[in-house]
Amino acid sequence: MRSKVPPAWARAALAMFGVGWGANQFSPMLRVYREQNGLSEAALTAMFGMYALGLIPALLVAGPYSDRRGRRTVIRPVVLLSSTATLVLMAGGTRPELLYGGRFLAGVASGAAFSAGSAWVKELSAQAPAGAGARRAAVFLSAGFGGGPLVSGMAGQWLPLPRITPYLPHLLIMAVVTPLAWWLPDPAAERDPAPWRAPRAARRKRFLLGVAVWAPWVFGTATAAFATLTALAAPHTHGLGIAFTGAVTALTLGTGIAVQPMTRRLAARGGTARAAVVGLLLATLGFVVAAGAAATGWVAAVPAAAVLLGASYGMLLVTGLREVELLADEGELAAFVAIFYMLIYIGFGAPYLFTVSAGSSGYPRCLLAAGLVTLLTVFVMRPALRDAPARAAAPAEETPPVRR
């Protein structure tokens, strides 16, 4: 009996899943390196910085390059690079200086995969209902983001060789997804390459005021749950901080997957504006619960906040990707996706801002302030998304957007 090969879009999405797993498997490992290698908070923060240092240039280069030369030319080396990054991180267990290099390589792989991969999934979902490409990319990416830290957290907490075994599942996953994605059809490669230019849709009011103003909260909400709150709760977890961090991370991002059907229904009934408003209101409520958890030290409140913040993450991620799909002009989709991802990755700086601000204001006040900002953002973005249809037309002198 012949084995059934997953559809083309699923194979591209699985590549994003694998790279996303490798990108976020490192989060619970911070406590492992702190306990076993004696690394300082400054060193661990610098490792996170190395990830961003690799990710942002990769987003800038890989997205536009894949628009001109095809998605396959980017994804093939990326899946190999993601595995290489994990091997370097494994070697860093005894040589901590290699952890910086491993995080940098993981950032490069992530930036390239998320821009080119999201566009590829959308193009391979051309026969599916409207918005399916954005939802599929978000689901598989979130599944990788959540699965990686859940498994590595459990392995780091309870299995032998905690600096090695947490990384083995990622290598097994990449051994499966790499051949699946290697020979995928590539619609972008069939177009005549055009000179690179900045996506014109990024300058439209609908994107600037309707999406860009809240985009950093996509990861700002998620990281507040699995970075800030888990760090505050760690002293109360009875020595299970590694597993607790992994579990809360998985809960946050898993909730982001679970809200996909709700996001689709909201967008169908009231457009992307309604889905974005609900996402921001969930963020406001999540930050209020997070402030309560920070004020009381009640560990049980952390999962509740993670569910609310994770739901906000999922709704905003899908809504943003859907708007990018609809606004992008022909030949500019991956470059436009890259801009959106750069904006949402700003949110990874939220835990650092909370830490700095907490020195004078305290964590509860900082989290409440974040909730107030997300609430006020609703009044800024709603008119911009309501003023024009989702398929916003380009100005007369511009090339009209692709009919999707």
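## Chatting through the helices and rings

Modeller: Helix H8 (residues 205-212) packs against helix H13 (residues 333-345) at an angle of about 30°, with the two axes 12 Å apart. Keep in mind that this is a predicted model.

Colleague: Okay. Which way does H8 cross H13, right-handed or left-handed?

Modeller: H8 passes H13 in a right-handed crossing.

Colleague: And which residues meet there?

Modeller: On the H8 side you have Phe207, Val211 and Ala212. They meet Phe336, Ile339, Phe340 and Leu343 of H13. By type, the residues of that contact are seven nonpolar, no polar and no charged.

Colleague: Lots of rings in that list. How many aromatic pairs does a search of the whole structure find?

Modeller: The search turns up 16 aromatic pairs. One of them is Phe114 with Tyr345, which is stacked: the centres are 6.4 Å apart and the planes are 5° apart.

Colleague: Where do Phe114 and Tyr345 lie?

Modeller: Phe114 is in helix H5 (residues 97-124) and Tyr345 is in helix H13, so the pair ties together parts that are 231 residues apart in sequence.

Colleague: Are Phe114 and Tyr345 buried or exposed?

Modeller: Both Phe114 and Tyr345 are buried.

Colleague: What about Phe145 and Phe219, why do they count as edge-to-face?

Modeller: Their planes are at 75°, with the ring centres 5.7 Å apart, so the pair is edge-to-face. The cut-off for that label is planes over 60 degrees apart. This pair also links distant parts of the chain, with Phe145 in helix H6 and Phe219 in helix H9, 74 residues apart.

Colleague: Is Phe219 buried or exposed?

Modeller: Phe219 is buried, with a relative accessible area of 2%. Phe145 is buried as well.

Colleague: And what does Phe219 touch?

Modeller: Leaving out residues up to four places away in sequence, Phe219 touches Phe145, Tyr313, Ile344, Tyr345, Gly347 and Phe348. As for Thr252, it is 33 residues from Phe219 in sequence, and their C-alpha atoms are 11 Å apart.

Colleague: Which residues do the ring pairs link into a cluster?

Modeller: The cluster takes in Tyr51, Phe114, Phe145, Phe219, Tyr313, Phe340, Tyr341, Tyr345 and Phe348.

Colleague: Switching to charges. Which rings do Arg76 and Arg136 sit over?

Modeller: Arg76 has its charged end over the ring of Trp183, 4.4 Å from the ring centre. Arg136 lies over the face of Trp9, at 3.9 Å from the centre of that ring.

Colleague: Now Met16. Where is Met16, and what is Met16 in contact with?

Modeller: Met16 sits in helix H1 (residues 8-24). Setting aside neighbours within four places in sequence, Met16 is in contact with Ala113, Phe114, Gly117, Ser118, Val121, Ala137, Leu141 and Tyr341. Two of those names, Phe114 and Tyr341, are also in the ring cluster.

Colleague: Buried or exposed, and at what relative accessible area?

Modeller: Met16 is buried, at a relative accessible area of 1%. Glu35 is 19 residues away along the chain, with 31 Å between the two C-alpha atoms.

Colleague: How about Thr263, buried or exposed?

Modeller: Thr263 is buried, with a relative accessible area of 3%. This threonine is in helix H11 (residues 260-296). Beyond neighbours within four places in sequence, Thr263 is in contact with Ala275, Met315, Val318 and Thr319.

Colleague: Last topic, loops. Which residues other than glycine have a positive phi?

Modeller: Leu161 is one, with a phi of about 50°, and His238 is another, with a phi near 55°.

Colleague: Where are Leu161 and His238?

Modeller: Leu161 is in the loop between helix H6 (132-158) and helix H7 (168-182). His238 is in the loop between helix H9 (217-233) and helix H10 (241-258).

Colleague: Buried or exposed?

Modeller: Leu161 is exposed, with a relative accessible area of 58%. His238 is exposed too, with 76%.

Colleague: And Gly239, where does that one lie?

Modeller: Gly239 lies in the loop between H9 and H10. Gly239 is exposed, with a relative accessible area of 62%. Gly239 and Gln157 are 82 residues apart in sequence, yet 9.3 Å apart in space, C-alpha to C-alpha.

Technical notes. Residues are numbered from 1 along each chain as its sequence is written. This is a predicted model: local features need pLDDT of at least 70, side-chain atom pairs count only at pLDDT 80 or more; totals for chains, interfaces and linings use all residues. Side-chain values use heavy atoms; hydrogens and water are left out. Axes are lines fitted to C-alpha atoms, for helices over the stretch in contact, and angles run from 0 to 180 degrees between N-to-C directions. Helices (H or I, at least four residues) and strands (E, at least two) are DSSP runs, numbered from the N terminus. A crossing is left-handed if the near helix is turned anticlockwise from the far one by less than a right angle, and right-handed if clockwise. Contact means heavy atoms within 4.5 Å. Ala, Val, Leu, Ile, Met, Phe, Trp, Tyr, Cys and Pro count as nonpolar, Asp, Glu, Lys and Arg as charged, and the others, Gly among them, as polar. Buried means under 20% relative accessible area, exposed over 50%, partly exposed in between (1.4 Å probe, protein chains only). Rings of Phe, Tyr and Trp (its six-membered ring) pair if their centres lie within 6.5 Å; planes under 30 degrees apart count as stacked, over 60 as edge-to-face and the rest as tilted. A charge sits over a ring if NZ of Lys or CZ of Arg is within 6 Å of the ring centre and within 35 degrees of the ring normal.
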